[in-house]
Amino acid sequence: ASYTILVFTSPSNVEAFMEKNKILISQKVVAMGDATANALIKHKIKDIAKPVTFDDLGLLQAVLSKSV
């Protein structure tokens with residue numbers, strides 16, 4: 001299945017996903033924090049949204065920012 005928005009919660013989450021998958025150019029990416037964003041950058045993913053706050057509202061806002 002192909003998803004429109006991918007949410008990564010940790011660097012290990014990024015590594016596990018990337019072992020068997022790739023992020024398509026059409027997919028949007030949300031990273032929970034700088035370390036997770038840096039793990040995505042190592043895989044050449046540049047357009048990354050990050051929540052301002054680490055709670056459900058922050059995550060919702062980051063996902064919504066990518067759904068436009």
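Let me start with Lys66, which counts as buried because its relative accessibility is 10%, where buried means under 20% relative accessible area, exposed over 50% and partly exposed in between, with a 1.4 Å probe and protein chains only. This is a predicted model, in which local features need pLDDT of at least 70 and side-chain atom pairs count only at pLDDT 80 or more, while totals for chains, interfaces and linings use all residues. Residues are numbered from 1 along each chain as its sequence is written, and side-chain values use heavy atoms, with hydrogens and water left out.

Lys66 sits in helix α3, helices being DSSP runs of H or I with at least four residues, numbered from the N terminus. Apart from neighbours within four places in sequence, Lys66 is in contact with Ile5, Lys28, Val29, Val30, Asp47, Ile48 and Ala49, contact meaning heavy atoms within 4.5 Å.

Helix α3, residues 56-66, also holds Leu60, and Leu60 is partly exposed at 45% relative accessibility. Together with Leu57 and Leu64, Leu60 forms a nonpolar surface patch of about 280 Å² accessible area, by the Shrake-Rupley method with a 1.4 Å probe and only the protein chains shown as cover. Such a patch takes residues with over 30% relative accessible area and no salt bridge, nonpolar side chains being joined within 5 Å; a salt bridge would be a Lys or Arg side-chain nitrogen within 4 Å of an Asp or Glu carboxyl oxygen.

Finally, the aromatic rings: one pair is found in the whole structure. Phe8 is buried at 3%, whereas Phe17 is partly exposed at 22%.

Terms used
Patches are made of residues with over 30% relative accessible area and no salt bridge: like charges are joined within 9 Å, nonpolar side chains (Val, Leu, Ile, Met, Phe, Trp, Tyr) within 5 Å. Helices (H or I, at least four residues) and strands (E, at least two) are DSSP runs, numbered from the N terminus. Rings of Phe, Tyr and Trp (its six-membered ring) pair if their centres lie within 6.5 Å; planes under 30 degrees apart count as stacked, over 60 as edge-to-face and the rest as tilted.
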